[in-house]
Amino acid sequence: MDVTITKNDAKTFVVLNGRLDTTNADQFQKDITPLMEDPAPDFEIDCTEMQYTSSQGLRIFLMLQKSVSSKGGKMVMVNMKPQVKEVFDITGFSNIIKII
Amino acid sequence: MENFADKYGLDARSSMIMSQYVGMMPLFKRMEEVLSKELEHFLAQNNIYVTALETRVKTEESLAGKLDKKGFKYDTIFDLTDIVGARVITFYTDEVDKIAAMVDRIFEVDWVNSIDKRKMHQLDSFGYNSLHYICRIPKKMFFDPQYPEINEIRFELQMRTALQHVWATINHDIGYKTGIEIPVEHLRNINRLAGMLELADEQFSAIRQEFNDYRRRVQELVSSGNFNDVPLNGDTFRSYLELRPFDKLLKKIAAVNQAEIHNSSVTPYLNVLFDLGFKTLGEVDRMIHENSEDAYQLATFQLAMTDLDIISSTIAIQDLCEVYILKHGGGVDALTEMFDKVNGKSEGNSMRAESVVNAAKQLSFMNRKKLEK
């Protein structure tokens, strides 16, 4: 899973590329650690090239969402492939994380 | 030493009191700190929420003005009771009495000099309604050998509602700014307004009482299981959720993949329940019982072929609503509407709705429905 983080004014753009599963979840968590430290988070996570997420991935997105909510920030995931969106839908995570 | 006689045109005795005041300022400041901290502590301990808690030490100018007008009444600084003052502003009138009772327990109240201005009015008059207690800080609450006088000096504690505060503030402003005696016709208008505020205060307290009574009755009905008599609204739904009505289904769904359940609020689904026409908790409770097995079937169909071992606690009500909609003739549009309502509008919602419809086509509850037709 490749992670690219760019900041444009107050907004942070995150681009995900590849599969997110148990083999790379730890690295993914490390990659997004800078996002957890943002005092005023406003994140747009582009999932155009994200192929899959496992439960480990869901847990990391949940952790990120909690961090964002605790600071009154915003997080939105965009351009999700249907097979990835399905994972969020059938686990009820679409109710927790904003996906457009 | 500063010459207060020249500065404010005071007589010798008042000037001496001014000197005492300046010399004792560190003590007054300390007293104010203690008062603020103790009041804050006791209000929190008694679960009393107030709009404001203010403390202050009288300013030099204000004291000089007072001594200029009424200096003949005081021999020493210890005769003044309002050098240090506190004001507690409440939401409701009954809370003023509650705070007064609390103050009576924690401070030493000088009853001779305390005034309940709320009881001072003639039957045909209105006006400044406030409760003023003159108190001392008892040694058992606070004692500092550096400032033993803190337990001797009296302070004034005003207790009033927010509306009484509005009245007092505006009345003071008008009186202060004009500096002249208010003509009778204007006084009548001020008194009319005071009467209205007094009535409004009473009404707010009465409305709160009625609302609390209603909430208690509803909670009793909910906990006794008499759901049919309980209208569905935000308040009753929250009480119902305390009974954890979705837990059984949720645990069953979680067991499919031995999944961890992440707790998340289901209240966004309240609007969906309204849209589906539910009017009482009884109807919601029946919907859960009548559709749990089918919702479980749907969840199993979606999850069993995956290794996803975390679910949101919203999944139970989500699947229940999906099943209910499908069994009542709803399709892609109705499901899309539900997802739009709960998760926010998104193009993916209609695809999600199609996916649910396709899954349901393979499940027994939808085929049962066809056979019934």
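## Nonpolar cores

In this predicted model, the largest nonpolar core holds 61 residues. A nonpolar core is a set of buried Ala, Val, Leu, Ile, Met, Phe, Trp, Tyr and Cys residues joined through C-beta atoms within 7 Å. Buried means that 20 or more other C-beta atoms lie within 10 Å of the residue's own, with C-beta atoms placed from the backbone. The residues with the most contacts inside this core are B:Ile253, B:Ala295, B:Ala316 and B:Cys321. Helix H12 of chain B (residues 315-327) gives the most to it, with 9 residues. Helices (H or I, at least four residues) and strands (E, at least two) are DSSP runs, numbered from the N terminus.

Leaving out residues up to four places away in sequence, B:Ala316 touches B:Phe246, B:Leu249, B:Leu250, B:Ile253 and B:Ala295. Contact requires C-beta atoms, placed from the backbone, within 7 Å. A second, separate core has 29 residues, including B:Ala86 and B:Met159.

## Chain A

Chain A has 4 helices and 4 strands, in the order β-β-α-α-β-α-β-α along the sequence. Of its 100 residues, 35% are buried.

## Where the chains meet

In all, 21 residues of chain B are in contact with 20 residues of chain A. On the chain B side, H14(B) gives the most, with 4 residues.

## Numbering and limits

Residues are numbered from 1 along each chain as its sequence is written, and chains are lettered from A and ligands numbered from 1 in the order in which they are written. In this predicted model, local features need pLDDT of at least 70, side-chain atom pairs count only at pLDDT 80 or more, and totals for chains, interfaces and linings use all residues.

Note on methods: A residue is buried if 20 or more other C-beta atoms lie within 10 Å of its own, exposed if 12 or fewer, and partly exposed in between; C-beta atoms are placed from the backbone. Two residues are in contact if their C-beta atoms, placed from the backbone, lie within 7 Å.
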